[in-house]
Amino acid sequence: MSKPARKRSLTDVQAKAIGRNIRTSPRKLNLVAQSIRGQKAGAALATLTFSPKRIAKELKKILQSAIANAENNHDLDVDDLVVTEASVGRNLVMKRFQARARGRGVRVEKPFSQVTIVVEEKREKEPEKKTARKADAAAGTAPKRKRASSKSKEQA
């Protein structure tokens, strides 16, 4: 017998992936995560692929995991996925000491981070039908405005 299943915290059109113990500070990781928030999944992958930051490679793996979760576990369409949330948090911090002058030592902190990426399926709306005015303008039936003559400009 096992524990009862926990209620799902996300909606039916969302999937997430969590990356833990990422060896960089949350501040540096948030700079990269900020660049993909609100983007379509394909565009976000392209952004991370060509990012000069070292940590972008790890963030790309986590995004690919979130996309795979959406596709395999929740039957969502990969082409309609959008990165709705990319939150960065602090994880453990290793404390080390570095030798300094006169026999002293200073504490060096080596921070770790964790990131949560949530992707959501958002279907694009089909283009709306042209309004009557736009349709008239396209057909050439709308009244044309008169241009101001050069004489009236000179008099003014």
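**View 1. Salt bridges of the predicted model.** Three salt bridges are counted, a salt bridge being a side-chain nitrogen of Lys or Arg within 4 Å of a carboxyl oxygen of Asp or Glu. The model is predicted, so local features need pLDDT of at least 70 and side-chain atom pairs count only at pLDDT 80 or more, whereas totals for chains, interfaces and linings use all residues. Residues are numbered from 1 along each chain as its sequence is written, and side-chain values use heavy atoms, with hydrogens and water left out.

**View 2. The salt bridge between Asp-80 and Arg-123.** The side chains of Asp-80 and Arg-123 form a salt bridge, with N to O at 3.0 Å. The pair links distant parts of the chain, 43 residues apart: Asp-80 is in the loop between helix H3 (56-74) and strand E2 (81-99), and Arg-123 is in the loop between strand E3 (105-121) and helix H4 (132-139). Helices (H or I, at least four residues) and strands (E, at least two) are DSSP runs, numbered from the N terminus. Asp-80 counts as buried at 13% relative accessibility, while Arg-123 is exposed with a relative accessible area of 60%. Buried means under 20% relative accessible area, exposed means over 50%, and partly exposed lies in between (1.4 Å probe, protein chains only).

View 3. Glu-121 counts as buried, at 14% relative accessibility. Glu-109 forms a salt bridge with Arg-107, and the closest N and O atoms of this pair are 2.9 Å apart. At 42% relative accessibility, Glu-109 is partly exposed.

**View 4. The largest nonpolar core.** This core has 25 residues. A nonpolar core is a set of buried Ala, Val, Leu, Ile, Met, Phe, Trp, Tyr and Cys residues joined through side-chain atoms within 4.5 Å. Ile-36, Leu-59, Leu-63, Val-83, Ile-117 and Val-119 have the most contacts inside the core. Two or more residues each come from strand E1 (14-22), helix H1 (26-36), helix H2 (41-49), H3, E2 and E3. H3 gives the largest share, seven residues. In soluble globular proteins, nonpolar side chains tend to be buried together.

**View 5. Surroundings of Ile-117.** Contact means heavy atoms within 4.5 Å. With neighbours within four places in sequence left aside, Ile-117 is in contact with Ala-15, Lys-16, Ala-17, Ile-36, Leu-59, Ile-62, Leu-63, Ala-66, Val-83, Glu-85 and Ala-86.

**View 6. Packing of H2 against H3.** The axes of H2 and H3 come within 9 Å and cross at roughly 160 degrees. Axes are lines fitted to C-alpha atoms, for helices over the stretch in contact, and angles run from 0 to 180 degrees between N-to-C directions. H2 and H3 are therefore roughly antiparallel to each other; angles under 35 degrees count as roughly parallel, over 145 as roughly antiparallel, 65 to 115 as roughly perpendicular and the rest as oblique. H2 passes H3 in a left-handed crossing, meaning that the near helix is turned anticlockwise from the far one by less than a right angle, with clockwise being right-handed. H2 makes the contact through Ala-41, Ala-44, Leu-45, Leu-48 and Thr-49, and H3 through Ala-56, Leu-59, Lys-60, Leu-63, Gln-64 and Ile-67.

**View 7. Ala-70 in helix H3.** Ala-70 lies in H3 and is buried, at 0% relative accessibility. Its contacts, apart from neighbours within four places in sequence, are Ala-15, Asp-75, Leu-76, Leu-81 and Val-119.

View 8. Asp-75, in the loop between H3 and E2, has a phi near 50 degrees, a positive value in a residue other than glycine. Asp-75 is exposed, with a relative accessible area of 67%. Arg-102, in the loop between E2 and E3, has a positive phi near 60 degrees and is likewise not a glycine. The relative accessible area of Arg-102 is 79%, which counts as exposed. Most residues other than glycine have a negative phi.
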